[in-house]
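Please find below a briefing on a single protein chain, prepared for use beside its sequence and model.

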Amino acid sequence: MYIYELPPEINKELCRLLDNFDYWEELAGNYMMYTAMDVIEIKEKARHQGISPTEYLLECWGQKNHRIEELFVLLYRMKHIPAMRRLTGVVHERFHRLLHKLEAGNGQDGNNARTGGAQRATTSSDSVPLPVILFDQGIRQAPSSSGLNGRSPSADTSSATSTSTDTSSAQYDKYDEILRKVSAIPKMSYEELRLATDDWSERNLLGRGGFGQVYKGEWKLLGVAVKRLRDNEGRDQELVREMCLNQYRHDNILPLYGYSLGGPEACLVYQLMAGGSLEQRLRPKDGAAPLSWAQRCRIMCGVARGLQFLHTMTGSALIHGDIKPANILLDQCLEPKIGDFGLARKGPYGDERTHLKVSRVYGTRPYLPDEYLQSCVLSPAVDVYSFGVVVAETSTGLPAWDRSRARPLLAHQLHAWHAARHDLGALHDPRLPPHPALCRALLELALHCTQPPREARPPMLLVYRRLHALAAC
Ligand SMILES: Nc1ncnc2c1ncn2[C@@H]1O[C@H](COP(=O)(O)OP(=O)(O)OP(=O)(O)O)[C@@H](O)[C@H]1O
C-alpha cells in the first residue's frame, strides 16, 4: 500500500501525532533526509495552504511512491510508538514485530518512547536489525532523494543491518574501476572543481536536487554545471547510471563532461544549460516573460526526439523513468536536453518482449501511469505517459498535480475535461495569446500519450512527427 492510499482517518490521526512537538520535522530531516531548506519550505507551503505540515510532508514523500511500510520503519527508528500503532491496521503483520520490540523495551504503553511528547526511548538501539522482509519485498532505497519538486528524499529502508554510507577507499576504487570501463569520460580532481566553482560559492548555486547541490562553474574555458553528490547510498548508483548512459550521445541528451571521485564528495560535471529547466521557465519566480507557443512546441519536439532515440536503442530500449519539466534543461537557444538519468534503466531485451516487471516503482507520481504504479509494469510507454503529462503542463501552464483541482492529477483532469466535451483549445496557458487549434492539437496528443492502456499510447517516433508538424505550422 502506498502512502497516498493511506485512509483519511489514519492520515488525520498521524498528522495530529506528528504535528505535536514538531515531530514531523525530525521525521523529515533525520529520517526522510530532507534538507533544512526543504523542511522550511514544507513548513511555509503548509502554512500557506492552511494544512498540517505533516500532511504536506506525507504528500510530498508519497508522490515518490513510498509505501506505508517504509513510513512504519522510519517511525520505528524514531521510536514513535503512538504513530506506529495508528498504522498497524494498514501494514503487513510481519512488520508488527518492530512495534512489539519497542513496546517490550519500553513497557506496554511505550512510556519511554514517543508518546506524543515524552522523551526518546533509551532501550532499543537504531542498529536493531529490521525484518528480512524488507529485502524480500524489494523495498530499497530509491537511487535519489530530492527537494519538493523533484524525486523525494528516499527513506533509508534498504540496509538496516549495514551502515548507511560506505565511504571506504575500497568502495571508491571499485566504482572508479567500473566507471573507467564504461566510459572514456575524463576524471577530474575535486580541487579542480572547487576552483571552477569559486570554492562552491553560494553565488554559483544553480539549484538543489535529491542527490545534492548543483553549481555553475568554468572548467577549461567551458561553462559547466557541477553536481556535488550528497554522501549517501544512492551516490554510487547515480554515478554508475549516469556514466553508463554517457555512452549515448544525442543533441537532446545532456552531455556529461566528467566526474570526480575520491574527494570529500563525488561530483558529476555537465554542460551548463544557460536557459535553466523547463520547470523554472513554465513557472518563473522572477516575473520573466513566458515562453511563446513556438518556443514551447520546439522544446517538446526536442524532448520527443531525445526520447525516441533512447527508446529505439538496438537490443533494448533505454527507459528514462523520470521525465518531468525539472529534468528538461534548456540551453541559451532554448534547445532542450534531457537530464538526470539516475533512474534510467534498460527495457526488455528483444522485439518480442514489451515490458519488465520490476519490484519497486521509482519516479515522480504525477507523471507515472497506473500500470507502473499499481502493477510495477515498466516499459517505454511509461516515458510516453510522462511526456504526455509534460505536454499537458506545457500547453495549459497547469501543474501536474494540484490538490485544489477536482482531479489533482493533470492527466486525469484532462481526460475528464475531454469526456465532458470541454473545448480543449480553450485550456491554454492564460499567459499566452489564445491559439485554439494548436492548443487543441497539443492536448489531443497529450490525451493519446496518457491513454490508460499502455498499448494504446503512441511510440515516441510518432509523437515526434506530430510535434514536428505542429512546430512547423
Ligand atoms: N546542466 C545544468 N545546467 C544548468 N542548471 C542545471 C543543470 N543541471 C541541473 N541544473 C539546475 O539544478 C537543479 C537541481 O538539479 P538536479 O538534477 O540535482 O535535481 P532535480 O532534477 O531538480 O531533482 P531530482 O534529481 O531530485 O529529480 C535543477 O532543477 C536545475 O535548475
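Is Cys-60 buried or exposed? Cys-60 is buried, because its relative accessibility is 11%, where buried means under 20% relative accessible area, exposed over 50% and partly exposed in between (1.4 Å probe, protein chains only). The model is a predicted one, in which local features need pLDDT of at least 70 and side-chain atom pairs count only at pLDDT 80 or more, while totals for chains, interfaces and linings use all residues. Residues are numbered from 1 along each chain as its sequence is written, and side-chain values use heavy atoms, with hydrogens and water left out.

**Overall composition**

- The protein chain contains 18 helices and 11 strands; helices (H or I, at least four residues) and strands (E, at least two) are DSSP runs, numbered from the N terminus.
- Of the 473 residues in the protein chain, 57% are buried.
- Contact means heavy atoms within 4.5 Å; among contacts between residues at least 6 apart in sequence, 66% join residues at least 24 apart.

**Cysteines**

- The structure holds 0 disulfides, a disulfide being a pair of cysteine sulfur atoms within 2.5 Å.
- Cys-449 is also a buried residue, because its relative accessibility is 0%.

**Nonpolar cores**

- A nonpolar core is a set of buried Ala, Val, Leu, Ile, Met, Phe, Trp, Tyr and Cys residues joined through side-chain atoms within 4.5 Å.
- The largest such core has 53 residues, of which Leu-307, Phe-387, Leu-414, Leu-442, Val-463 and Leu-467 touch the most other members.
- Two or more residues are given to this core by each of helix H12 (278-282), helix H13 (293-311), strand E7 (328-330), H15, H16, H17 and helix H18 (460-472).
- Another core lies apart from it and has 40 residues, including Trp-24, Ile-68, Met-78 and Val-91.

**Helix H16**

- In helix H16 (residues 410-419), the buried residues are Leu-410, Ala-411, Gln-413, Leu-414 and Trp-417.
- These residues lie on the same side of H16 because they cover an arc of only 160° around the axis, the arc being that of the directions from the helix axis to the C-beta atoms.
- Helix H15 (380-396) and helix H17 (436-449) are included in what covers them.
- Beyond neighbours within four places in sequence, Leu-414 is in contact with Ala-392, Leu-424, Leu-443, Ala-446 and Leu-447.
- Arg-421, which follows H16, has a positive phi, near 60°.

**Loop between H16 and H17**

- Asp-429 is placed in this loop and is buried, with a relative accessible area of 1%.
- Setting aside neighbours within four places in sequence, the contacts of Asp-429 are Arg-296, Ser-395, Thr-396 and Gly-397.
- Pro-433 is found in the loop between H16 and H17, and counts as exposed at 53% relative accessibility.
- Pro-433 touches Trp-293 and His-428, not counting residues up to four places away in sequence.
- The C-alpha atoms of Pro-433 and Trp-293 are separated by 8.6 Å, although the two residues are 140 residues apart along the chain.

**Five-stranded sheet**

- An open sheet is formed by 5 strands in the order E1-E2-E3-E5-E4, with antiparallel pairing; two strands pair if DSSP finds at least two bridges between them.
- Strand E1 (205-208) and strand E4 (256-260) stand at the edges with a single partner strand each, so one side of each is left without a neighbour in the sheet.
- E1 pairs with strand E2 (residues 212-219) in the antiparallel sense over 3 bridges, and Leu-205 stands opposite Tyr-215 in E2.
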